[in-house]
Amino acid sequence: MAQNKRHGDIKLNLAQMAQGKLQERFQYEMQKIVENILDRNTDEKAKRKLTLEIDFIPQKGRRMVNVEIKSKVKLASDEPIETNIVLNGQGDSAEYGQGSFLSDDEIDDTDGKVVSITKQEGVNT
């Protein structure tokens with residue numbers, strides 16, 4: 001059975017690890033998270049996640065250890081964009097913003113085509 005011996009204090013500084021690249025990677029990924037939080041197209045309450053994965057690979061003789069650092073970021077996805085498209089069944093269409101509608105005077109009774117579209121707030125014509 002292996003004994004657990006303490007071999008002295010570990011003198012590693014995370015900010016200086018890999019010539020400061022661990023710190024740089026953290027800052028880089030944090031910037032992505034901050035930009036995503038401030039993006040009005042994303043859900044403001046969605047959880048974002050930053051994972052730093054550090055793998056330690058001991059070499060033969062246990063005197064040298066290779067270190068691999070990986071980062072992963074999970075951001076909030078963009079909110080869906082919704083709109084309405086009015087079709088008359090004969091190839092004509094018009095886009096309306098959400099909550100808009102066609103009134104009877106905007107549809108031709110003889111052929112069902114869209115005759116005119118009144119501009120309303122949020123309506124794209």
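Reader: Is Asp 78 buried or exposed?

Author: This is a predicted model: local features need pLDDT of at least 70, side-chain atom pairs count only at pLDDT 80 or more, and totals for chains, interfaces and linings use all residues. Residues are numbered from 1 along each chain as its sequence is written, and side-chain values use heavy atoms, leaving out hydrogens and water. Buried means under 20% relative accessible area, exposed over 50%, and partly exposed in between (1.4 Å probe, protein chains only). At a relative accessible area of 53%, Asp 78 is exposed.

Reader: Where does Asp 78 sit between the strands?

Author: Helices (H or I, at least four residues) and strands (E, at least two) are DSSP runs, numbered from the N terminus. Asp 78 has its place in the loop between β2 (65–74) and β3 (84–87).

Reader: Which residues gather with Asp 78 in a patch of negative charge?

Author: Patches take residues with over 30% relative accessible area and no salt bridge; like charges are joined within 9 Å, nonpolar side chains (Val, Leu, Ile, Met, Phe, Trp, Tyr) within 5 Å. Asp and Glu count as negative, Lys and Arg as positive; His and the chain ends are not counted. A charge is placed at NZ of Lys, CZ of Arg, CG of Asp or CD of Glu. On the surface, Asp 78 gathers with Asp 43, Glu 44 and Glu 79.

Reader: What pattern does the protein chain follow along the sequence?

Author: Count the elements. The protein chain has 1 helix and 4 strands. Read along the sequence, the pattern is α-β-β-β-β.

Reader: What share of the contacts with a separation of 6 or more comes from residues 24 or more positions apart?

Author: Contact means heavy atoms within 4.5 Å. Within the protein chain, residues 24 or more positions apart account for 35%.

Reader: Which residues does Leu 22 touch beyond four places in sequence?

Author: Leu 22 lies in helix α1 (residues 21–38). It is buried, with a relative accessible area of 7%. Leu 22 and Ile 54 are 32 residues apart in sequence, and 9.6 Å separates their C-alpha atoms. Not counting residues up to four places away, Leu 22 touches Leu 14, Met 17, Leu 52, Ile 54 and Ile 69.

Reader: With which residues is Asn 36 in contact, leaving aside neighbours within four places?

Author: Asn 36 is in helix α1. Its relative accessible area is 9%, so Asn 36 is buried. Leaving aside those neighbours, its contacts are Thr 42, Arg 48, Leu 75 and Ala 76.

Reader: How many salt bridges are there?

Author: The rule asks for a side-chain nitrogen of Lys or Arg within 4 Å of a carboxyl oxygen of Asp or Glu. By this rule, the count is 4.

Reader: How far apart are the closest N and O atoms in the salt bridge of Lys 32 with Glu 29?

Author: Lys 32 and Glu 29 both lie in helix α1, 3 residues apart, about one turn of the helix. Lys 32 is partly exposed at 31% relative accessible area, whereas Glu 29 is buried at 6%. The closest N and O atoms of Lys 32 and Glu 29 are apart by 3.1 Å.

Reader: Which residues are linked in a network of salt bridges?

Author: Glu 53 forms a salt bridge with Lys 72, the closest N and O atoms being 3.7 Å apart. This pair links distant parts of the chain, Glu 53 in strand β1 (residues 49–58) and Lys 72 in strand β2, 19 residues apart. Asp 55 and Lys 70 also meet in a salt bridge (3.5 Å, N to O). The network joins Glu 53, Asp 55, Lys 70 and Lys 72.

Reader: Which element supplies the largest share of the nonpolar patch?

Author: Phe 26, Met 30, Val 34, Ile 37, Leu 38 and Leu 52 make a nonpolar surface patch of about 490 Å². Met 30 is partly exposed, with a relative accessible area of 31%. The largest share of the patch, 5 residues, comes from α1.

Note on methods: Accessible areas come from the Shrake-Rupley method with a 1.4 Å probe; for residues, only the protein chains shown count as cover.
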